[in-house]
Amino acid sequence: MLRYMLSAVLAFSTVPAFANDSVAELGTGGLILSRSDAVAMQSEDLFISPEKVTVDYVFHNNTDKDVDAIVAFPMPDISGNPEEMPAIPENQSDNFLGFEVTIDGVAAKPQLEQKVFALGIDISADLKAQNVPFNPFGDAAMAALAKLPQAVADDWVNRGIIIEDTADDGSGMKSSYAPFWQLRSTYWWRSTFPANKDVHVAHRYKPSVGGTSSVSFFNEGQFQGAYAAYKTRYCMDDTFEKAVRKAAKDSPDGYPKYYESRIAYILTTGGNWAAGTIGKFKLTIDKGNPKALVSFCGDNVKKVGPTSFEMTADDFYPEHDIDILLLEPSDSSGGDAN
């Protein structure tokens, strides 16, 4: 695996800071097919930026009979916790990633399957019985919990479905109930793959972009803390390290004026097709601010435009997922790291 660092930008809106000034990214991937023995993935064109992820597929039915299959897009699980909140693009919506899909250029209307769990137990029926929406970060769920009968609320606390949260709303300390359940969501639809023909499927969504308000792995003039794990996960190289050291040296307080943002893409589901490989694979990482630093793992990555880098491969077997680290200047003094 080539260690590769890009001086780049992926336009990124500032994320809110929580107790540890960090927001977790949610790993999200591509499509899963129920009949992987008959349908091959001819090609995958994957585009990733902090604003959007788009994936264009060409599937081919290798048999002489039409194949009816269910195609699914698993959304990342989200868990309620008043102390932590992952980066959710549209946290008031069941479609919290803004997922859309087309088949041969025609917009599809996938069905959404949702279940909720507490301590690994399906509690969907419990929430439905009390008219509590499933999204643990939605205002509607919080409002519904405030109306629970006391006996139900006590039972749910004991079962780990909700927790009692005490906070100061400006008029003194008050208690309320907060979701503690896990939501699992999957979009799915039925699709026919005609015998010996291609089917073009495209989908897009807004990625979950995690963030930290500073550089978490550089402190007191040296790389430390989580740096070893970051170096392995994001393939940070000498050029990247020199850019961080320079930023720290140029800063009056000795700390690099960057904040982290992170994107995780689950690519390994692409190996669940006939032949087990992707015939032609293309990955494009888009950027915008040339003063940001970007690092990710890839082979034979090339710059193909002012704001884009590309990796291509034939008969590609997705052994690893894609993790992207961006260090975005927190002020206007950040320099290029070419």
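User: How many helices and strands are in the chain?
Analyst: The chain has five helices and 25 strands. Both are DSSP runs numbered from the N terminus, with helices being H or I of at least four residues and strands E of at least two. Residues are numbered from 1 along each chain as its sequence is written, and side-chain values use heavy atoms, without hydrogens and water. The model is predicted, with local features needing pLDDT of at least 70 and side-chain atom pairs counting only at pLDDT 80 or more, while totals for chains, interfaces and linings use all residues.

User: What percentage of the residues is buried?
Analyst: Of the 338 residues, 48% are buried. Buried is under 20% relative accessible area, exposed over 50%, and partly exposed in between, using a 1.4 Å probe and protein chains only.

User: What is the strand order in the open sheet of eight?
Analyst: The order is β10-β9-β16-β6-β5-β21-β24-β23, and the pairing is mixed. Two strands pair if DSSP finds at least two bridges between them. At the edges are β10 (106-107) and β23 (302-305), each pairing on one side only.

User: Which way do β6 and β16 pair, parallel or antiparallel?
Analyst: Antiparallel, with eight bridges between β6 (residues 53-61) and β16 (residues 198-205). Aspartate 56 stands opposite alanine 202 of β16.

User: Switching to β25. Why is it largely enclosed?
Analyst: Eight of the eight residues of β25 (residues 322-329) are buried, so the rest of the structure largely encloses the strand. Ile322, Ile324, Leu326 and Glu328 point one way, Asp323, Leu325, Leu327 and Pro329 the other. In a regular strand, side chains alternate between the two faces of the sheet.

User: Which residue stands opposite isoleucine 322?
Analyst: Tyrosine 265 does. Strand β20 (residues 258-266) runs antiparallel to β25, joined by eight bridges. Strand β22 (residues 293-297) is also antiparallel to β25, with three bridges, and leucine 293 has leucine 327 as its bridge partner there.

User: Now α3. Which of its residues are buried?
Analyst: In α3 (residues 150-158) they are Val152, Ala153 and Trp156. Seen down the axis, they fall within an arc of 100°, taken from the directions from the helix axis to the C-beta atoms, so they line one face of the helix. The face turned away carries the exposed residues Ala151 and Asn158.

User: What covers the buried side?
Analyst: The cover includes α1 (124-129), α2 (139-145), β13 (162-168) and β14 (173-179). Contact here means heavy atoms within 4.5 Å.

User: How many aromatic pairs does the structure hold?
Analyst: There are 13. Rings of Phe, Tyr and Trp (its six-membered ring) pair if their centres lie within 6.5 Å; planes under 30 degrees apart are stacked, over 60 edge-to-face, and the rest tilted. The pair of tyrosine 230 and tyrosine 234 is tilted, because the ring centres are 5.5 Å apart and the planes stand at 55°.

User: Where do tyrosine 230 and tyrosine 234 lie?
Analyst: Both are in helix α4 (residues 227-234), four residues apart, about one turn of the helix. Tyrosine 230 counts as buried at 13% relative accessibility, and tyrosine 234 is buried at 2%. Phenylalanine 281 and phenylalanine 316 form a stacked pair, 4.5 Å centre to centre with 10° between the planes. That pair links distant parts of the chain, β21 (residues 278-286) and β24 (residues 308-316), with the two residues 35 apart.
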